[in-house]
Each structure stands twice: as C-alpha cells, then as structure tokens.
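Hi,

Here is the structure I said I would pass on. Have a look at it first, and then read my notes below.

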Amino acid sequence: MLTIRSLRVALGRTPVLHGIEATARAGRVTAVIGPNGSGKTTLLRALSGDVPYAGQIALDGCDVARLKPWDLAARRAVLPQAATLSFPFTVAEVVRLGLTAGPHAGRAGGGDDLVARALDEVDLAGFGPRLYQELSGGQQARVQLARVRVQVWDPVMAGRPRWLFLDEPVASLDIAHQIAVMHVLRRFADAGGGVVIVLHDLNLAAIVADVVWLIHEGQILAAGPPAEVIGGAVLATAYGCPVTANLVPSGSATFVLPHSLWRPGTPS
Ligand SMILES: Nc1ncnc2c1ncn2[C@@H]1O[C@H](COP(=O)(O)OP(=O)(O)O)[C@@H](O)[C@H]1O
Ligand SMILES: [Mg+2]
C-alpha cells in the first residue's frame, strides 16, 4: 500500500502541492488526472523520491525518505515524463539500465532473457540491436517502458508488492500500442503489483483505472472509482471545460465528450 499524508512540495519558492492525502493499493491501477500544471508530475516525483517534500510517503509501511537507494530501486520503478538520452545507446542497452537498478543485476546470462521478454511485451521484439536515437518518439517511449518493467519484472517479490510510477507513458503512442501498454499494466496489477499512472486521456483512464485521483491546483479534488470521478460534475470544474459524461450503451464503462466540439445531429 502507498500512503501519502499531508504531502507538501515547493519547487523553488513556488508551493506546488498543498497537503495531499491519498492511499493507493497494490493490485489496482490508480490513474492520476488533472489539467496542465496542476501538480501531477510533481506528485509522481515526490513519490519517486526525486524532490524534497514535507509530510509522509510510505511504501508498504516504509518511509520512502528513509529507504536506501538500492532498496527503493527494488520496490518501485519510475518512468519520468521526459526521459532523454544523449549517448548513442542501443535499445537493448537502454532496457538493460533497468536491470542494473533492480534486483536482477546478477542474473545468469546477464538478463538477456528479461530484456527480450520486456521488448516483446511492448511490441519491439528484435529491436535490441537498433540505435535508440534512430527510433520514433512512440517507439522510444515503449523502450523506456520496457526499461522500467525489467526493473520490477515480478509484480510481487518476497511477498511484497512492487510498484510502477508512470508519468504519461502513452501520450505519444498510437491507439493499438496504448491499449497494449494498458494490458501490460493491467496484468501487472492483477498479479499483485501496484500501478500509479498519470494519464491525460480521460477515456483511457476511465476504462483502465480502478481508482482515479483528480488533481487540481496542487490538491486532490476527488478520488474514487472512474464512474464517480470522471463521470462526476467535478471534472468540468477542474478542467474549466464543459464535458458530458456518458455510459457506453451495453455496459458500465464511462466516457466523456467535450460540449463545444460536439455537434449532435451532424449527418455522418
Ligand atoms: N522547477 C520548477 N520550479 C518552479 N515551479 C515549477 C517547477 N516545475 C514545475 N513547476 C510548477 O509547478 C506546477 C505543477 O507542475 P507539474 O507538476 O509539472 O504539473 P502537471 O504535471 O500536472 O502538468 C506548475 O505550475 C509548474 O509551473
Ligand atoms: Mg506533467
């Protein structure tokens, strides 16, 4: 379980997060949504131990500020919003960076099997020898996802869940690969791991998440199941954009349409 109590973060002199209280459970996908500049990335950076904060963040009962770097790396893997690389690494070398941080560093065969399986999982089988810089933006994003996956390959280790913290991992992906990545995350959570993922696509969040946190001006404005948060009036307030939430006709999935672009009755 991930517990966040009275979390405050200031960047420079700017207060960004103002007393976040939240709990995320392993075995579930928790989606973080909210407008640009609301504090989603800052929240993820605090969870990852990348920025100083006031308050408490505990991962499965351990204060993340007190965990040793190797212990933290064994418990959680982080995909930042912008992952840049300036050296001419091959794809396999980039994925292998995840292995050096995790508990598989001494794995027999150097972890080649995990690298290959992680690349296969993101539909990049055979891309290992290619140069990372020569891939498209969407392919690079999938390589980065493979990197964090190998770091916490087994969703549960020694009876303890492991966590993926992902900041907009599918923003540059086509719909088929977005769905494929969501399946990877769903399987990870179903097998007992924890997933906290920042998503801009509300419809994707509605369909994949068990729990949604809606961030607005550095606070959690609403937290709960997608039908409640994405289907609630609070969404339009947070984004300052009128939207209509609906249910798909044959089921319980929520989806949203923006009012101003929606022209009911337009002949198709
Ligand atoms: N290094 C920084 N110094 C000062 N303010 C920052 C810094 N980085 C981000 N901010 C501010 O913090 C707020 C939240 O940013 P961020 O967490 O990146 O938002 P989001 O990911 O929700 O778009 C924004 O107002 C942004 O301008
Ligand atoms: Mg962000």
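A word on naming before anything else: helices (H or I, at least four residues) and strands (E, at least two) are DSSP runs, numbered from the N terminus. Residues are numbered from 1 along each chain as its sequence is written, while chains are lettered from A and ligands numbered from 1 in the order in which they are written. Please keep in mind that this is a predicted model, where local features need pLDDT of at least 70, side-chain atom pairs count only at pLDDT 80 or more, and totals for chains, interfaces and linings use all residues.

Let's start with helix α4, residues 112–121. Its buried residues are L114, V115, A118 and L119 (buried means 20 or more other C-beta atoms within 10 Å of the residue's own, exposed means 12 or fewer, partly exposed is in between, and C-beta atoms are placed from the backbone). Looking down the axis of α4, these buried residues fall within an arc of 130°, so they line one face of the helix; the arc is that of the directions from the helix axis to the C-beta atoms.

After α4 comes D123, with a positive phi near 65°. For background, most residues other than glycine have a negative phi. Two more residues are worth a look here. A158, in the loop between β7 (156–157) and β8 (160–161), has a positive phi near 50°. E168 also has a positive phi near 50°, and sits in the loop between β9 (163–167) and α6 (175–190). Are they buried or exposed? A158 counts as exposed, with 8 C-beta neighbours inside 10 Å, whereas E168 is buried, with 20 other C-beta atoms within 10 Å.

Now the ligand. Ligand 1 is surrounded by L11, G12, T14, V16, G34, N36, G37, S38, G39, K40, T41 and T42 (a residue is near a molecule if its C-beta atom, placed from the backbone, lies within 6 Å of it). β2 (14–24) and α1 (40–47) each supply at least two residues of that shell, and α1 gives the largest share, three residues. By class, the shell has two nonpolar, nine polar and one charged residues; Ala, Val, Leu, Ile, Met, Phe, Trp, Tyr, Cys and Pro count as nonpolar, Asp, Glu, Lys and Arg as charged, and the others, Gly among them, as polar.

Cheers
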